[in-house]
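Subject: Structure handover

Hello,

Here is the structure I promised to pass on. Please open it beside this message, and then read my notes below.

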Amino acid sequence: MKIRIDDTLPGIAECAGSLKNVIDALYVLNGKWKLPLILSLVQSSKRFNEIQNEVAGISSKILAKELKHLELNDFIKRNVYPTTPVTIIYEATDYSRTLQNVMRELSAWGGQHREKVKQNMR
């Protein structure tokens with residue numbers, strides 16, 4: 001919520017509604033892995049090991065748990081193919097693509113923050 005000097009301050013109800021919306025979003029997207037996993041799968045569909053290789057630092061156990069949570073919340077789809085051995089491909093859903101603006105803004109802010117930290121270390 002941007003506030004300019006010539007704007008009136010938002011009311012209590014508007015702030016409370018915004019706060020509730022942020023809390024709901026953070027509840028679903030909590031943790032350090034969900035957005036990177038969604039971003040990885042928005043770029044292209046992948047197998048489990050491909051995701052693990054792309055998202056550096058995530059363990060197999062955590063990756064499995066996070067993928068299940070993302071599937072439960074309709075951010076990703078798990079496709080099982082009857083091959084030998086079974087092939088499982090994860091892909092982003094259209095719902096996960098609704099986060100593209102959020103991810104773009106977070107990326108821009110993260111870059112600005114990284115530069116600020118670098119400047120403060122000098």
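Is Glu115 buried, partly exposed or exposed? Glu115 counts as partly exposed, because its relative accessibility is 38%. Please keep in mind that this is a predicted model.

Salt bridges

The count of salt bridges comes to four. Three of them are described here.

Start with Glu115. Its partner is Lys118, and the closest N and O atoms of this salt bridge are 3.7 Å apart. Both residues belong to helix H6. They sit three residues apart, about one turn of the helix. Lys118 is partly exposed too, at 39% relative accessibility.

Helix H1 holds another pair. Asp24 forms a salt bridge with Lys20, with 3.5 Å between the closest N and O atoms. Here the spacing is four residues, again about one turn of the helix, and both residues lie in H1. Asp24 has a relative accessible area of 39%, so it is partly exposed.

Then look at Glu54 and Lys46. Their side chains meet in a salt bridge at 3.2 Å, N to O. Glu54 is partly exposed, with a relative accessibility of 39%. Lys46 has a relative accessibility of 7%, and it counts as buried because that value is under the 20% cut-off. As a general point, side chains of opposite charge can pair when their charged atoms come close.

Ile51 touches Leu37, Leu41, Lys46, Leu63, Leu67 and Tyr90, leaving aside residues up to four places away in sequence.

Ile51 is also part of the largest nonpolar core, which has 19 residues. Leu37, Ile38 and Ile51 have the most contacts inside this core. Helix H2 (34-43), helix H4 (60-72) and strand E2 (87-92) each supply at least two of the core residues. H2 gives the most, with five residues. In soluble globular proteins, nonpolar side chains tend to be buried together.

Largest pocket

The largest pocket has a volume of about 370 Å³. Which elements give two or more residues to its lining? They are helix H1 (12-28) and helix H6 (100-121). H1 gives the most, with six residues.

Sorted by class, the lining has eleven nonpolar, two polar and one charged residues.

A loop residue

One last stop is Asp74. Where is Asp74 found? It is in the loop between H4 and strand E1 (76-81). Asp74 is partly exposed, with a relative accessibility of 44%.

Asp74 touches Thr93 and Tyr95, not counting residues up to four places away in sequence. The C-alpha atoms of Asp74 and Ala92 are separated by 8.8 Å, and these two residues are 18 residues apart along the chain.

Where to look

For a quick pass, take the pairs in H1 and H6. Then go to Ile51 and its contacts, among them Lys46 and Tyr90. Finish at Asp74, in the loop between H4 and E1.

Best wishes

Note on methods
Residues numbered from 1 in each chain as written. Predicted model: local features only at pLDDT ≥ 70, side-chain atom pairs only at ≥ 80, totals over all residues. Heavy atoms only, no water. 1 Å grid on protein atoms, 1.4 Å probe; cavity = no way out; pocket = protein on both sides within 12 Å on 5 of 7 lines; lining within 4 Å. Points joined across faces, edges and corners; volume = space filled by probe spheres on them. Nonpolar A, V, L, I, M, F, W, Y, C, P; charged D, E, K, R; others polar. Buried < 20%, exposed > 50% of the residue type's maximum accessible area, 1.4 Å probe, protein only. Core = buried A, V, L, I, M, F, W, Y, C linked by side-chain atoms within 4.5 Å. Contact = heavy atoms within 4.5 Å.
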